[in-house]
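Me: I am new to this structure. Please show me how to read it, one feature at a time.

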Amino acid sequence: MPKNASQSASLVWETSLPESAGVKLFSRGKVRDVYEHRSDPAFAAGRRDSKTADYLLIVTTDRLSAFDVVLPDPIPCKGAVLTALSEFWFGLIKDITPTHFVTANFKEITNKIPVLAGYENELKGRSMLVKKVRVFPVECIVRGYLAGSGWSEYSKQGTICGIKLPSGMKESERLKEPIFTPSTKAISGHDENISFEKTVELIGKKDAEELRSRTLKIYENAHRYALGKGIIICDTKMEWGRDEKGNIILADELLTPDSSRFWPADSYQPGKGQPSFDKQFVRDYLISIGWDKKPPAPKLPDEIIKKTSEKYLEAYKRLTGKAL
């Protein structure tokens, strides 16, 4: 879909909120369009100062990236699933850590930013109002099973991100205990796996240990919950930041099919790759056609688009107990 084709009734490729809406584009990522909002009239008039934004508005589009390249075809319902599932998990882990989440309710969003009421088709169901944070420059990844790039590295070196594992393990086998394997947070291109020692160099020992502890605790609690719903969370990644008071809080999305590998528990069998409810399905297709993982990405067949949408919706239904 060309980038000037913003949205249909159910698809949003890219948003473009005018500055008259009281927001300014802050960043446009592979999947999310992020706007900042201040109630300060000077900000609305276009004069930036040193004041912190009141909020960020995160709009999750239906864009899909694979191997760090945005694919040309949007996935129906994808943005809505990622938003609703993040909201669900933020509520479930609120006793473990504070988060940046304020609301995903469109009425509550427009109560704070009234002019957004005119953008319901673009925003409703796929937008979150969040606190603005200073994000740590690392992706906090936790792995509970031997899969993906972890399996590839283990097959060659017996390690994951330099962490030595027992010999003789099988693909998709559950690790004795989850491991923390951070990576850099690349603005463009590929993130790179880094050691915990490198993480300490980047953000300091105290913060590195705190992020590791909270990330592992969230994963362990979420894994236990999801298993009871018939889903194995193989791995996931999280982002953390500091709020205006210096507190460490969870940011970005949480435990979605974009940031995690979800496997059906009833068919789990170590020794091979697993079927999934996440974008690994699309990655597998792209590998099967021999794409070199460089832009431009190939178009997806209608059947792949349809099945990907169904997988995202099924993950949401299983985990929350209700249809989107």
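**Reading the model**

Reply: Start with helix α7 (residues 205–227) in this predicted model. Its buried residues are Asp207, Ala208, Leu211, Arg214, Thr215, Leu216, Ile218, Tyr219, Ala222, His223 and Ala226.

Me: Which residues have the most contacts inside the largest nonpolar core?

Reply: They are Trp240, Leu254, Leu286 and Leu300. That core has 63 residues. Helix α7 gives the most to it, with seven residues. There is also a second, separate core of twelve residues. Leu57, Val59, Ile113 and Leu129 are among its members.

Me: Now a strand. How many of the five residues of β16 (residues 260–264) are buried?

Reply: Five of the five are buried, so β16 is largely enclosed by the rest of the structure. Check each face in turn. Ser260, Phe262 and Pro264 are buried on one side. Arg261 and Trp263 are buried on the other.

Me: In which sense do β14 and β16 pair, parallel or antiparallel?

Reply: Antiparallel, over five bridges. Strand β14 covers residues 231–242. To see the pairing, find Ile232: it stands opposite Trp263 in β16.

Me: Let me try a single residue. Is Asp33 buried or exposed?

Reply: Buried means under 20%. Asp33 has 0%, so it is buried. It lies in strand β2 (residues 32–37).

Me: What joins the side chains of Asp33 and Arg28?

Reply: A polar contact of 3.0 Å. Not counting residues up to four places away in sequence, Asp33 also touches others, including Glu14, Thr15, Ser27 and Arg63. Leu57 and Val59 are on that list too, and both belong to the second core.

Me: Where is the pLDDT below 50?

Reply: Look at the whole protein before the detail. The mean pLDDT is 91, and 91% of the residues reach 70 or more. Over residues 1–9, though, the pLDDT is below 50. Beyond near neighbours in sequence, this stretch has 15 contacts in the model. Where pLDDT is low, the predicted coordinates should not be read in detail.

How values were computed: Residues numbered from 1 in each chain as written. Predicted model: local features only at pLDDT ≥ 70, side-chain atom pairs only at ≥ 80, totals over all residues. Heavy atoms only, no water. Buried < 20%, exposed > 50% of the residue type's maximum accessible area, 1.4 Å probe, protein only. Helix = DSSP H or I, 4+ residues; strand = E, 2+ residues; numbered from the N terminus. Pairing = 2+ DSSP bridges. Core = buried A, V, L, I, M, F, W, Y, C linked by side-chain atoms within 4.5 Å. pLDDT = per-residue confidence, 0-100. Contact = heavy atoms within 4.5 Å. Polar contact = N/O pair within 3.5 Å; in protein donor to acceptor, adjacent residues only side chain to side chain.
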